[in-house]
Structures are given as C-alpha cells and as structure tokens.
Amino acid sequence: MFGTGLLKGLGITLKHFTDTFTDDRQKVPSRYQDSIQLDKNRRIIEQPITQEGLLTIQYPEERRLLPERFRYIPMLIWDTEANEDRCTACGICAKVCPPQCIWIVRDKDENGKPVTRPAEFYIDVAVCMSCSFCTEFCPFDAIKMNHDYELAVYDRYPQLVYSKEELTVPLEYYAALWPTQFAAEQQKRKEEAEAERIRNEEKKRAAEEKARAKAAGEAAPAAAEGGAKPKRSAEELAAMKAAAAAKAAARKSGEEGGESAAVAEAAAEAMAAPAVSEADAKKARLEEMKRQAAEKAKARKESGA
Ligand code: SF4
Ligand code: SF4
C-alpha cells in the first residue's frame with residue numbers, strides 16, 4: 001500500500017525517541033558513572049553500549065564504555081601479586097613491532113650481569129599503529145593494549161615517547177579493562193601451575209624410587225657375602241697366609257727349575273692343608289711314640305725267645 005514504508009520509518013524514529021526518555025528515566029541521576037577510578041589520570045567511564053535511544057554523548061564529560069577488545073596503545077603490566085614487572089626484557093615485542101617503535105634496555109645487577117627485567121622501555125606512540133602484534137607475541141602476558149585514547153599533547157617529542165613509568169599499569173587495571181581475557185589467562189596460568197606441580201611430584205617420586213632400587217641392589221650382594229661367609233679361625237687364617245706366601249714364592253721361582261718349584265708347591269699345599277690344633281698334634285705324636293715303643297718291645301721279646 002502506498003505510504004506503508006514511510007509510516008514504518010516514522011514508527012522506528014518514534015520508538016528511538018521514546019526509548020531515549022525511557023533510558024534517561026532509568027539511569028537518572030547517574031547515567032554515566034565512573035565505575036572504576038584507578039588513579040587521577042585514568043578513568044573507565046560506564047555507559048553501556050547496549051542502551052537504547054538516540055543519545056548525544058556530551059564528550060568529554062560523558063564517554064561511552066568501550067568494548068573489551070578496543071585497543072589503542074600498549075601498556076606494561078606490573079604484577080601486584082609478585083610485586084615486579086611481568087616484562088623480562090626478552091625483546092620479542094621490539095622485534096615483531098612492524099614500525100619498530102619499541103626500545104628496550106635490559107637491567108643489570110650490581111656485578112654488571114644482565115637480569116630479566118627492563119631498566120628502560122620506550123614506545124613512540126606517535127608511530128605505534130595499534131596492531132597489537134607486541135601483545136600477541138609476548139610470552140609473559142607482560143604487554144597489553146590500553147583503552148586510553150585521550151593522548152593529545154602540544155609537542156610530539158618528548159611527550160609522545162612513553163617511558164616505562166608512563167606505560168606501566170597495575171594488574172588490576174588490566175583486569176578491569178579486559179575482564180574476559182584476564183579471566184581466561186588466569187585460568188590458563190592456574191592449569192599450567194597445576195601441570196607443573198604434577199610434573200615435579202612425578203619427578204620427585206621417580207627419583208625416590210630410583211634411589212630405593214639402588215639401595216636395595218647394593219644391599220643384596222652385601223647380605224649374600226656378609227651373611228653366608230663362614231668365620232675362619234686364627235690358625236686357618238695363618239695357614240692361608242702362609243700358603244699364599246708360598247704360592248707367591250713358587251710363582252716367582254717357577255721358571256728356575258722343577259725341584260724348587262715342586263718343593264714350594266708342596267710346601268704351599270702343606271700349608272694350605274686344614275690346620276690342626278697344637279694339642280691334637282701333640283696327642284698324635286704321643287700315640288705314634290707309644291705305638292713305636294710297643295713294636296720295639298714286641299720285636300725284642302720275639303728275638304729273645
Ligand atoms: S613486553 Fe613481553 S615480549 Fe616485550 S620484552 Fe617484555 S616480556 Fe618480552
Ligand atoms: S601495537 Fe603494533 S605498532 Fe604498536 S607497539 Fe605494538 S607491535 Fe608496535
């Protein structure tokens with residue numbers, strides 16, 4: 001029907017017109033509150049992007065809440081939990097930056113040895129193209145994109161060359177600006193820490209098991225030797241020593257001739273023979289003497305008869 005589209009358009013305009021008043025009535029008196037006041041220089045102004053109505057933003061007094069993924073220039077994260085810079089001065093961000101607007105000077109300890117923190121960190125924000133490559137490549141989540149776009153100054157140098165102090169923000173500021181990304185990163189860090197803990201525990205357990213197995217392996221032969229070994233008497237030990245000495249002497253003079261070698265060997269064998277106690281030997285000698293005396297007496301008796 002002629003004029004339907006026109007009426008439809010007017011209806012939409014009328015809806016926006018009334019929505020403006022509805023929205024204003026809902027939000028008054030503080031439609032555009034400061035939701036977070038981190039310090040005197042940085043404010044995050046809340047004005048939800050979802051609100052309806054034909055709104056005129058009274059900039060700069062009023063500012064719309066920016067979407068989380070909005071990016072302007074980078075900022076460096078100060079880890080408030082660890083109380084240190086997250087940046088390790090690895091230089092990856094400076095390498096990947098397309099317009100090469102990052103300069104980093106690594107810090108040194110008292111002995112002049114380089115340490116993993118930046119002494120100086122500069123970004124020429126007049127050159128930065130807000131590409132976010134630096135944040136994408138940073139392995140330590142140390143550099144993130146800031147939402148702060150009100151950077152107007154009278155002179156480009158040195159005002160637009162930001163130093164480490166100007167770039168650094170606390171972790172809470174980043175968490176407020178990028179809540180979703182921050183939560184995802186925290187979760188990932190937690191999982192990595194847990195995985196690291198499990199890895200360390202497994203390593204520790206494996207080392208303990210290895211040490212236990214080693215100790216058991218050493219104890220077994222020692223027990224076999226020490227436990228089953230019979231104790232030798234002093235005589236046996238003396239005989240063994242003498243036999244060993246005789247054997248050594250025989251080995252030494254072995255090539256010199258059969259007799260001495262044979263004598264030595266016999267001596268060694270004799271010495272190596274099981275030792276007899278002195279009392280037993282005496283007793284045997286007496287027995288032998290008695291036997292010989294009896295034989296002699298018998299022979300004399302037979303010859304006399
Ligand atoms: S911000 Fe990240 S990538 Fe750049 S130097 Fe620091 S740790 Fe390395
Ligand atoms: S956002 Fe892009 S241009 Fe800006 S400092 Fe990072 S890498 Fe360089």
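I start with strand 6 and strand 8, which pair in the antiparallel sense over two bridges. In that pairing, Ile123 stands opposite Tyr162 of strand 8. Please keep in mind that this is a predicted model.

Which sheet does this pair belong to? It is part of an open sheet of three strands, in the order 5-6-8, with antiparallel pairing. Strand 5, residues 102-108, and strand 8, residues 161-162, stand at the edges with a single partner strand each, so each has one side without a neighbour in the sheet.

The other pairing in this sheet joins strand 5 to strand 6, antiparallel, over six bridges. Here Trp103 stands opposite Tyr122 of strand 6. Strand 5 and strand 6 also make a hairpin, with five residues between them. In its turn, Gly112 has a positive phi of about 85°.

Now some context for the chain. The chain has nine helices and nine strands. Of its 305 residues, 11% are buried. Among contacts between residues at least 6 apart in sequence, 64% join residues at least 24 apart.

Next, strand 3, residues 74-79. Is strand 3 largely enclosed or largely open? Five of its six residues are buried, so strand 3 is largely enclosed by the rest of the structure.

Which strands pair with strand 3? Strand 7, residues 143-145, pairs with it in the antiparallel sense over three bridges, and there Leu76 stands opposite Ile143. Strand 9, residues 168-170, pairs with strand 3 in the parallel sense, again over three bridges, with Ile77 opposite Val169. Strand 4, residues 84-85, runs antiparallel to strand 3 and is joined to it by two bridges. In that pairing Trp78 stands opposite Asp85. Strand 3 and strand 4 form a hairpin with four residues between the strands, and Asn83 takes a positive phi near 55° in it.

The largest nonpolar core has 25 residues, and Leu76, Ile123 and Ile143 touch the most other members. Strand 3, strand 6 (114-124) and helix 5 (171-177) are the elements that give two or more residues to this core. Strand 3 gives the largest share, four residues.

What is Leu76 in contact with, leaving aside neighbours within four places in sequence? The contacts are Asp85, Cys87, Phe121, Ala142, Ile143, Lys164, Leu167 and Thr168. Ile143, then, is both a contact of Leu76 and the residue opposite Leu76 in strand 7.

Last, the ligands. Ile143 comes up again in the surroundings of ligand 1, along with Cys87, Thr88, Ala89, Cys90, Gly91, Ile92, Cys93, Ile104, Cys138, Phe140 and Ala142. Among these, Cys87 and Ala142 are also contacts of Leu76. By class, the shell around ligand 1 divides into 10 nonpolar, two polar and no charged residues.

Ligand 2 has 14 residues around it, and Cys97, Cys128, Cys131, Phe133 and Cys134 come nearest. Its shell has 12 nonpolar, two polar and no charged residues.

That is what I have; questions are welcome.

Conventions: Residues are numbered from 1 along each chain as its sequence is written. Chains are lettered from A and ligands numbered from 1 in the order in which they are written. This is a predicted model: local features need pLDDT of at least 70, side-chain atom pairs count only at pLDDT 80 or more; totals for chains, interfaces and linings use all residues. A residue is near a molecule or strand if its C-beta atom, placed from the backbone, lies within 6 Å of it. Ala, Val, Leu, Ile, Met, Phe, Trp, Tyr, Cys and Pro count as nonpolar, Asp, Glu, Lys and Arg as charged, and the others, Gly among them, as polar. A residue is buried if 20 or more other C-beta atoms lie within 10 Å of its own, exposed if 12 or fewer, and partly exposed in between; C-beta atoms are placed from the backbone. Two strands pair if DSSP finds at least two bridges between them. A nonpolar core is a set of buried Ala, Val, Leu, Ile, Met, Phe, Trp, Tyr and Cys residues joined through C-beta atoms within 7 Å. Two residues are in contact if their C-beta atoms, placed from the backbone, lie within 7 Å.
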